[in-house]
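User: Hi! I'm new to reading protein structures and would like to learn how to go through one feature at a time. Could you walk me through this one?

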Amino acid sequence: MQIAPSVLAADLGDLRGALDLCARGDADLIHVDVMDGHFVPNLSFGPPVIEGIDRHTEQPLDIHLMVERPEELMDKYLAFNPHWVSVHFEATTHLDRLINLIKDSGVGAGVALNPATPIEVLSDILGTLDFVLIMSVNPGFAGQPFVRYSLDKVRRLKRLIEERGLHTKIEIDGGVAGRNLEEVRDSGVDVAVVGSGIFGVEDPLAELRDLRARAGDQS
Ligand code: DX5
Ligand code: ZN
């Protein structure tokens with residue numbers, strides 16, 4: 001399993017410091033949370049800040065769009081040539097069109113699901129997705145408690161992917177930390193996003209290294 005630190009949980013007055021830490025700890029991806037104050041009740045950052053992040057990291061970006069109408073600024077996000085971009089199932093009407101747009105630009109395309117959205121809504125589109133992001137908190141804030149039934153969703157999704165012989169990856173986001181890392185990994189997750197579980201602890205660099213070592217590399 002890979003580890004994607006969420007810089008939303010870092011000291012945003014020192015983003016470069018957070019990115020340096022991710023580089024030294026060999027983070028697999030940098031998870032970037034975009035919020036619009038409509039889809040989620042919070043604002044974070046958008047293209048101008050991601051441009052700064054992109055300039056100061058060598059690590060691949062994983063852009064998580066928690067916005068309504070994600071198609072509107074999609075060209076700007078794709079221009080960073082991120083590794084992955086995810087859009088919420090709940091936030092857009094023409095999901096198939098948007099996924100094709102992302103994939104046509106050579107970027108990995110994913111769909112994020114809120115905790116209450118069942119994985120079965122992706123049944124038809126699953127084969128075209130590079131990954132599915134299972135939210136294990138209600139999106140909008142770092143530092144919330146892990147929603148336990150999301151692990152059942154991961155297991156069901158993993159089964160579906162295997163039954164169909166697909167290569168779709170599973171990412172989980174929210175409330176993941178040292179205390180639940182093993183059960184998250186064992187449920188079938190390929191990439192775990194970790195925010196306050198890294199940036200909210202006493203020694204974030206040691207924690208990132210420890211999480212990576214414990215996560216193993218199964219993906
Ligand atoms: C929540 C964001 C998450 C968040 C994770 O809306 O999508 O990426 O930053 O933070 P933790 O790991 O603290 O729950
Ligand atoms: Zn996120």
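Predicted model: local features only at pLDDT ≥ 70, side-chain atom pairs only at ≥ 80, totals over all residues.

User: How far apart are Phe-131 and Trp-84 in sequence and in space?

Analyst: In sequence, they're 47 residues apart, while their C-alpha atoms are 8.5 Å apart in space.

User: And is Phe-131 buried or exposed?

Analyst: The general idea is to look at relative accessible area: under 20% counts as buried. Phe-131 has 0%, so it's buried.

User: Can we try another one? Where is His-88 found?

Analyst: His-88 is in strand β4, residues 84–88. Its relative accessible area is 0%, so His-88 is buried.

User: Which side chains make a polar contact with the side chain of His-88?

Analyst: For a polar contact, you look for a pair of N or O atoms within 3.5 Å. The side chain of His-88 has one with the side chain of Glu-90 at 3.0 Å, and another with the side chain of Asn-114 at 3.4 Å. Beyond residues up to four places away in sequence, His-88 also touches others, among them Phe-39, His-64, Met-66, Leu-113 and Pro-139.

User: Now the ligand. Which residues come nearest to ligand 1?

Analyst: There are 20 residues around ligand 1, and the nearest are Asp-33, Gly-140, Gly-143, Asp-173 and Ser-196.

User: What lies within reach of its oxygen atoms?

Analyst: Look at the polar atoms. A side-chain N or O atom of Ser-196 is 2.3 Å from an oxygen atom of ligand 1. For Gly-140, a polar backbone atom is 2.7 Å from a ligand oxygen, and for Ser-6 a polar side-chain atom is 2.9 Å from one. On its own, ligand 1 has 380 Å² of accessible area, and the protein covers 100% of that.

User: Where does ligand 1 sit?

Analyst: In the largest pocket. The elements giving two or more residues to the shell around ligand 1 are β2 (30–35), β3 (61–66) and β8 (191–194).

User: Which of them gives the most?

Analyst: That's β2, with three residues.

Key
Residues numbered from 1 in each chain as written. Chains lettered and ligands numbered in written order. Heavy atoms only, no water. Buried < 20%, exposed > 50% of the residue type's maximum accessible area, 1.4 Å probe, protein only. Near = heavy atom within 4 Å. Polar contact = N/O pair within 3.5 Å; in protein donor to acceptor, adjacent residues only side chain to side chain. Areas by Shrake-Rupley, 256 points an atom, 1.4 Å probe, with all protein chains shown as cover. 1 Å grid on protein atoms, 1.4 Å probe; cavity = no way out; pocket = protein on both sides within 12 Å on 5 of 7 lines; lining within 4 Å. Sits in = over half its atoms within 2 Å of the grid points. Helix = DSSP H or I, 4+ residues; strand = E, 2+ residues; numbered from the N terminus. Contact = heavy atoms within 4.5 Å.
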